[in-house]
Amino acid sequence: MPIFDQHRKAPVSIKINGVCKAFGERIVLNQLNLEVNPGEIFVLMGPSGVGKSVFLKLLAGLDRPDAGHITINRTSLDRVKKTNKYVLGLVFQAGALFNSISVFDNLALYFREHALYDEAEIEKRIFQVLHMLNLQNTAFLMPSNLSGGMKKRVALARGLLMEPDVLLFDEPTSELDPMTAASIIELIGFVNKNLGMTTVIVSHDIILAKNIGTHIGVIQNGKIDEVYTAQTIMCAKNEYVKNFLNPTINLEHPNFLSLLS
Amino acid sequence: MKVLKDWQYAFVLLWQTFKELRYLPRQWQRCIEHSCNMGYKTFPIVGILSLFMGGILALQTGYSLSNLPGAQTFLGSIVGLSMCRELGPLMTAFLLTGRVGSAITAELASMSAYQEIDALKTMNLSPTRLLVMPRVLGGLLMMPLLTMFSNVLGWIGGWFVVKTVDVISIDGGTYWRSLQQFVDLDSLNDGLVKAEIFALTIILMSCSIGLRTFGGPREIGASVTSTLVQTMIAILTLDYFVTKLLL
C-alpha cells in the first residue's frame, strides 16, 4: 500500500514580497520579490556568496527577514510555523543528519516526537521510502558510515517522510559525481511529478535547472530581476545571467600574468 | 558583551526548559541516558579526588593543630563540615564542568555548526525539548548523588590519614564522633542546595554557549574554552552569595 496519497493536499503557492536581509553593513537580499506557483519546481541560481542559502533559510523560517513578507497560500510564514498549518521540509546541502543516531532513528525522529504513528507504522513508512531511494541496506548504519550521495538521499528521505507542502533543497547535487547527481535530479523530478509538492531548489547546477526546473531565477544584487523557463534561460539577454551560465575561461588573465612579472 | 549574551540566553533556556516540562513523559528515556552519562562516568574520578581532598585536608589541619593540645579532637568536624558545606559541592561542580560541561558544549556546537539544530527546527522540533531539558534534568538528578558520594569519600580520606599519620594523635573513633557531632542535616542540605544551583549553572551555560556557536572547528574549540572559564567563574561567584544566604 503506498504511503503517500498523491491527492492528499492541494499544492501551495509561495509569495515573497520585498524581502530584505543584511548582515551588518552587507546587504544580502534587497527588495526580493518572487512568486512560486503551486506544485512547480523553482530553481534559484547564482554565484557563491550572493545569498541563495540565506534566501532558503528565510523561506524555511530559520531566520527572519529584516523587511518584507513571505506567505504560503496567503498565510504569513510566521503563522505557518506557529500553527504548523503547512509543513516545510528542508534538505540540507550536507544532509544535516544527526550523527549520534542511526539512519532509521534519524528518519523516525519526526514521527516519534510528534507522536504521529505507532512504531509498526513508522517502520513500514521508513522502509518504503528507503526502498524507493534504494537505501534499504543503510537503515541501521550510522550517518558517518554513509557516502556523500547516500547522505543526500537519506536527507531527501527525511524530507519526504514529513509529507511536506513545500520541499526546499540546498545545493542537492553539489559535491556529487555526475551519475549520482543525475540520480538525485531524477528523484526530485519524480517526487515533484507524482506527489505535486511545491519545490524550491537553490543550486549552481544548470543541468538540474534545465531538466526539472519549471521556472528558474538568477539572483543578482540581492534580487531576482527576471524569471526564466528551461528554454528561455539559455538565450537570456541579461549579461550577468549569460556570464553565469557560460563563463569564459581566460588562461591569459591579467591577474595571473602579474604573478609572473 | 558576548558573556552577557551567553548569560541572557542561559536564562531564556531555563524558562524554555520549564515550559517544555510538559513533554517530559516522552523524554524520560533521554533524561536517563544523560543521567547515566553524567553520573556513571563521573563517579570514579569524583571518588578518587574526594578521597585525596579529605586526606589532604585532614593532614594539613592535623599538622597545624598539633601544637594546640586537644585541638585535634575537632579534626572530624573540620573535615566533615568543609567537605559537605563547601569542598564536596564545589569540587564536584568543577569536575562536572570539565567532564560534562565541555562535552555538552562541544556536542551542541558541532550540531549547530553542521546544521543539525536547523534540521530540528525545520521539523518543528524544539532543540530545548530534545537537547537541553534532558540534560538539565540529568544534571539535577546526578549532582546531589555525586556530591553526597564526594562528601562520604572525603570523610573516609580524612579518617584514613588520621589512622595512618603519626603526627595526628587522635584515633579513628574520636574523628568519627567529632564528625557526627557537628555535621547535621542542615549542613548536608546546604551543600546539596549549592550542588543543585551549580548543576543548573553548568548545564545551562554549556547549552547556551554550545547552541550559539557558529562556524567550524576553531569556533567549537573556543566555545568549549569559554564554557570552562565562564562556568567556573560563575560557580565561585554564586558560591559566595549562596553561602552568605545560607549562613
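The model is predicted: local features need pLDDT of at least 70, side-chain atom pairs count only at pLDDT 80 or more, and totals for chains, interfaces and linings use all residues. Residues are numbered from 1 along each chain as its sequence is written, chains are lettered from A and ligands numbered from 1 in the order in which they are written, and side-chain values use heavy atoms, with hydrogens and water left out.

**The interface**

- Chain A puts 20 residues into the contact, and chain B puts in 17 residues. Contact means heavy atoms within 4.5 Å.
- About 1700 Å² is buried between chain A and chain B. Carbon and sulfur atoms give 56% of that area. Buried area is the accessible area (1.4 Å probe) that two parts lose on being put together, summed over both.
- Six residue pairs are in polar contact across the interface, with both residues at pLDDT 80 or more. A polar contact is a pair of N or O atoms within 3.5 Å; within protein, one must be able to donate a hydrogen and the other to accept it, and residues adjacent in sequence count only if both atoms are side-chain atoms.
- On the side of chain A that touches chain B, strand S6 (88-91) and helix H3 (103-113) of chain A each supply at least two residues. Helices (H or I, at least four residues) and strands (E, at least two) are DSSP runs, numbered from the N terminus.
- H3(A) gives the largest share of that side, four residues.
- That side of chain A divides into 12 nonpolar, three polar and five charged residues. Ala, Val, Leu, Ile, Met, Phe, Trp, Tyr, Cys and Pro count as nonpolar, Asp, Glu, Lys and Arg as charged, and the others, Gly among them, as polar.

**Salt bridges**

- Side chains of opposite charge can pair when their charged atoms come close.
- Two salt bridges link chain A and chain B. A salt bridge is a side-chain nitrogen of Lys or Arg within 4 Å of a carboxyl oxygen of Asp or Glu.
- B:Arg30 meets A:Glu113 in a salt bridge, at 3.0 Å from N to O.
- A:Lys57 meets B:Asp118 in a salt bridge, at 3.4 Å from N to O. This pair runs from helix H1 (residues 52-59) of chain A to helix H5 (residues 116-122) of chain B.
- Over all chains, the whole structure holds 17 salt bridges.

**The six-stranded sheet of chain A**

- The sheet is open, with mixed pairing and the order S6-S7-S8-S3-S9-S10. Two strands pair if DSSP finds at least two bridges between them.
- S6 and strand S10 (223-228) of chain A are the edge strands, each pairing on one side only.
- From one strand to the next, the twist averages 20 degrees. Axes are lines fitted to C-alpha atoms, for helices over the stretch in contact, and angles run from 0 to 180 degrees between N-to-C directions.
- Strand S3 (residues 41-45) and strand S9 (residues 215-220) of chain A run parallel, over four bridges. A:Phe42 stands opposite A:His215 in S9(A).

**Antiparallel strands of chain A**

- Strand S1 (residues 14-23) and strand S2 (residues 26-36) of chain A run antiparallel, joined by seven bridges.
- A:Phe23 has A:Arg26 in S2(A) as its bridge partner.
- Two residues lie between the strands of this hairpin, where A:Gly24 takes a positive phi near 65 degrees.

**Chain B**

- Chain B has nine helices and zero strands.
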